Amino acid sequence: MLRLIQLELQKLWLNRASRVLIIISFILPFTVLILSSIKINFFGFFTLELGELGIFNFPIIWHITTFFAAQFKFFFAIVVVSMIGNEYSNKTLKQNLIDGLSKKEFILSKFYTIVFFSLCATILIGLATFTIGMYYSSYTEANIIFRESEFLLAYFVKLVGFFSLCLFLGMLVKRSAFALGFLFILYILEWIIFGLVSWQADSLDIAFNVKQFFPLESMWNLINQPMQRVVMTKFPDKTDIMYDYAVHWYEVAIVLGWTAIFIFSSYRILKKRDL
Amino acid sequence: MEPILTINNLTKKFGYLTAVKNLSFTIHKGNVYGILGPNGSGKSTTLGIVLNVVNKTQGDFHWFDGNTSTHDALKHVGAIIERPNFYSYMTAEQNLKLVCKIKGVDHSKINEKLEVVGLLDRKDHKFRTYSLGMKQRLAIASALLNDPEILILDEPTNGLDPQGIHQIREIIKGIAANGTTILLASHLLDEVEKVCTHVVVLRKGEKLYSGRVDEMINSHGFFELKAEKHQELLTVLEAHSNIEKVKEEGELITAFLNEPMSAADFNKVMFEKGILLSHLVKRKESLEEQFLQLTDHQ
């Protein structure tokens with residue numbers, strides 16, 4: 001396993017484009033996080049301090065940081081599709097196999113790298129959130145701090161699931177740009193099916209129930225948007241904006257299911273294909 | 001002799017097209033084999049199948065004694081196909097390190113093999129700065145990293161200039177001299193003739209011949225003849241029992257033998273018949289002529 005990760009990391013790290021993208025995908029969420037946590041003085045007119053809004057309080061901070069950090073996953077997604085696309089266009093995939101890598105090992109080396117990257121991202125976000133939280137939060141009891149830290153798990157699963165989808169699309173179409181296009185098409189497709197179902201069933205509830213099983217929607221559902229929740233904490237009496245933002249086991253299970261399907265299908269595609 | 005690769009009734013279909021048809025042959029240790037065939041005759045497909053990158057339709061093959069899985073066997077095989085495939089953004093050394101990791105070989109081999117192909121002084125240069133000849137030599141170095149029992153080369157001199165072709169051939173000869181089995185696919189006949197001891201001839205995916213290069217055609221050679229008495233010579237030749245067929249090209253007459261006969265004996269016969277030859281050469285068909293005969297007749 002270590003050998004497979006080393007293999008892939010060498011391929012990625014020595015490539016300038018992917019190295020830059022990896023660095024960006026780590027640095028950018030942090031910069032945003034840190035910038036937002038400092039006091040910004042707008043030329044003496046007013047000071048903007050997001051910490052004052054209470055969004056850096058435990059436990060809500062877990063929700064907020066993981067949600068916003070997850071939006072930066074797109075940078076590494078480009079790396080994932082290009083690491084497949086390049087292997088095809090340079091024919092190095094063929095050469096790797098001839099040199100003695102099995103097709104299974106090839107897919108596994110990509111998958112392990114995805115897991116490895118997601119793990120690093122999760123740990124870093126976890127540490128940053130903890131530090132910022134300790135600095136700003138009004139509550140610092142252990143049981144409050146670690147309440148809702150399951151958002152970290154959700155973040156991890158979300159990254160692994162999303163990158164597995166990218167890996168699968170990359171294997172399917174062999175070209176990085178087309179794979180990203182497919183991702184967008186899939187997004188639209190999910191909405192079209194959602195529209196069809198809600199039109200046929202005359203009920204949004206059923207449509208949402210169906211939609212939660214779609215790949216992109218299931219990943220989105222893992223960490224619901226936290227804005228509404230922030231508003232809720234400000235106006236606790238407004239019960240009509242209540243919504244379910246928790247991380248549920250079945251949400252995790254759906255995404256893990258998709259991950260397994262994507263990785264296994266990638267392997268099937270590679271196995272059947274003549275290179 | 002120890003078998004290295006055994007292929008039994010291998011068939012590969014791409015849709016309606018049958019690229020390889022019921023192919024069987026065995027590669028034994030220590031020989032230099034050529035797979036010969038025109039473009040599109042199934043050479044690369046066959047190599048692709050045994051190297052695990054193309055899926056077979058029917059039949060089977062096994063490496064070595066048959067108890068090793070293809071995946072493990074490939075760790076004892078070195079192969080380069082069509083054109084060198086490396087990561088353009090890595091240096092030669094980094095590329096070879098990657099191959100070492102895949103094959104599970106120690107990094108210490110890298111310099112040794114770069115030396116063999118004469119690229120040691122360029123090892124820190126990026127692959128994309130290499131000329132085609134250098135790329136091909138790097139591919140050979142990469143294939144040699146695990147000290148393979150068999151080296152598979154698919155058209156290794158394709159697209160190279162004469163100097164590059166010469167360099168590659170010298171390297172191949174050097175490797176063969178060390179006792180490494182070599183399987184060389186090519187459509188260049190003189191290449192196979194110069195390098196190989198055994199040959200498998202393919203046409204449209206079918207095997208036409210497999211065996212030693214010098215026994216490829218059951219032929220006793222032919223005479224090239226010229227004489228003043230052109231017409232008489234023709235008549236005598238056609239009546240002669242040792243002569244299978246006669247071809248006329250202007251002044252030059254080519255007489256094919258169906259039985260062994262020395263030039264001296266032939267000359268004597270002609271002299272007795274009163275024909276004085278002004279030109280007599282006995283020759284064997286070149287591989288090219290043999291190959292064309294073989295592929296034309298069927």
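## Interface between chains A and B

In this predicted model, 23 residues of chain A are in contact with 22 residues of chain B, contact meaning that C-beta atoms placed from the backbone lie within 7 Å. On the side of chain B that touches chain A, helix α3 (residues 92-103) of chain B supplies the largest share, six residues; helices (H or I, at least four residues) and strands (E, at least two) are DSSP runs numbered from the N terminus. That side of chain B comprises 13 nonpolar, six polar and three charged residues. Here Ala, Val, Leu, Ile, Met, Phe, Trp, Tyr, Cys and Pro count as nonpolar, Asp, Glu, Lys and Arg as charged, and the others, Gly among them, as polar.

Helix α1 (residues 2-13) of chain A crosses α3(B) at roughly 160 degrees, and the two axes come within 10 Å. Axes are lines fitted to C-alpha atoms, for helices over the stretch in contact, and angles run from 0 to 180 degrees between N-to-C directions. α1(A) and α3(B) are therefore roughly antiparallel to each other; angles under 35 degrees count as roughly parallel, over 145 as roughly antiparallel, 65 to 115 as roughly perpendicular and the rest as oblique. The crossing of α1(A) past α3(B) is left-handed, a term for a near helix turned anticlockwise from the far one by less than a right angle, with right-handed used if it is turned clockwise. From α1(A), Arg3(A), Gln6(A), Leu7(A) and Gln10(A) meet Leu98(B), Lys101(B) and Ile102(B) of α3(B). This contact of α1(A) with α3(B) holds three nonpolar, two polar and two charged residues.

## Annotated segments of chain A

An unreviewed UniProt entry annotates residues 20-40, 60-84, 111-132, 152-173, 180-201 and 247-270 of chain A as "transmembrane region". UniProt positions are given in the numbering used here, feature names are shortened, and annotations may be inferred rather than shown by experiment. Residues 60-84 of chain A are 92% helix and 0% strand, with 37 Å between the end C-alpha atoms. Residues 152-173 of chain A are 100% helix and 0% strand, and their end C-alpha atoms are 32 Å apart.

## Helix packing in chain A

Helix α6 (residues 103-136) of chain A packs with helix α8 (residues 150-173) of chain A at about 150 degrees, the axes being 9 Å apart. α6(A) and α8(A) are therefore roughly antiparallel to each other, and their crossing is right-handed. Residues of α6(A) including Ile114(A), Ser118(A) and Ile125(A) take part in this contact, as do residues of α8(A) including Tyr155(A), Phe163(A) and Leu167(A). The contact of α6(A) with α8(A) divides into twelve nonpolar, four polar and one charged residue.

α8(A) also packs with helix α9 (residues 176-201) of chain A, at an angle of about 125 degrees and with axes 8 Å apart. These two helices, α8(A) and α9(A), are therefore oblique to each other, and they cross in the right-handed sense. Cys166(A), Leu169(A), Gly170(A) and Val173(A) of α8(A) meet Ser176(A), Phe178(A), Ala179(A), Phe182(A) and Leu183(A) of α9(A).

## Six-stranded sheet of chain B

Chain B has an open sheet of six strands, in the order β5-β6-β7-β3-β8-β9 and with mixed pairing; strands pair if DSSP finds at least two bridges between them. β5 (77-80) and β9 (206-212) of chain B are at the edges with a single partner strand each, so one side of each lacks a neighbour in the sheet. Neighbouring strands of this sheet are turned by 15 degrees against each other on average, direction ignored.

Strand β3 (residues 32-36) of chain B runs parallel to strand β7 (residues 181-186) of chain B, joined by five bridges. Leu36(B) stands opposite Ser186(B) in β7(B). Helix α6 (residues 162-177) of chain B packs on the sheet, where it touches β3, β6 (150-154) and β7 of chain B and makes about 150 degrees with the direction of β7(B).

## Four-stranded sheet of chain B

Strand β10 (residues 222-227) of chain B pairs with strand β12 (residues 252-257) of chain B over four bridges, and Leu225(B) has Ile253(B) as its bridge partner in β12(B).

## Basis of the description

Residues are numbered from 1 along each chain as its sequence is written, while chains are lettered from A and ligands numbered from 1 in the order in which they are written. As this is a predicted model, local features need pLDDT of at least 70 and side-chain atom pairs count only at pLDDT 80 or more, whereas totals for chains, interfaces and linings use all residues.

How values were computed:
Contact = placed C-beta atoms within 7 Å.
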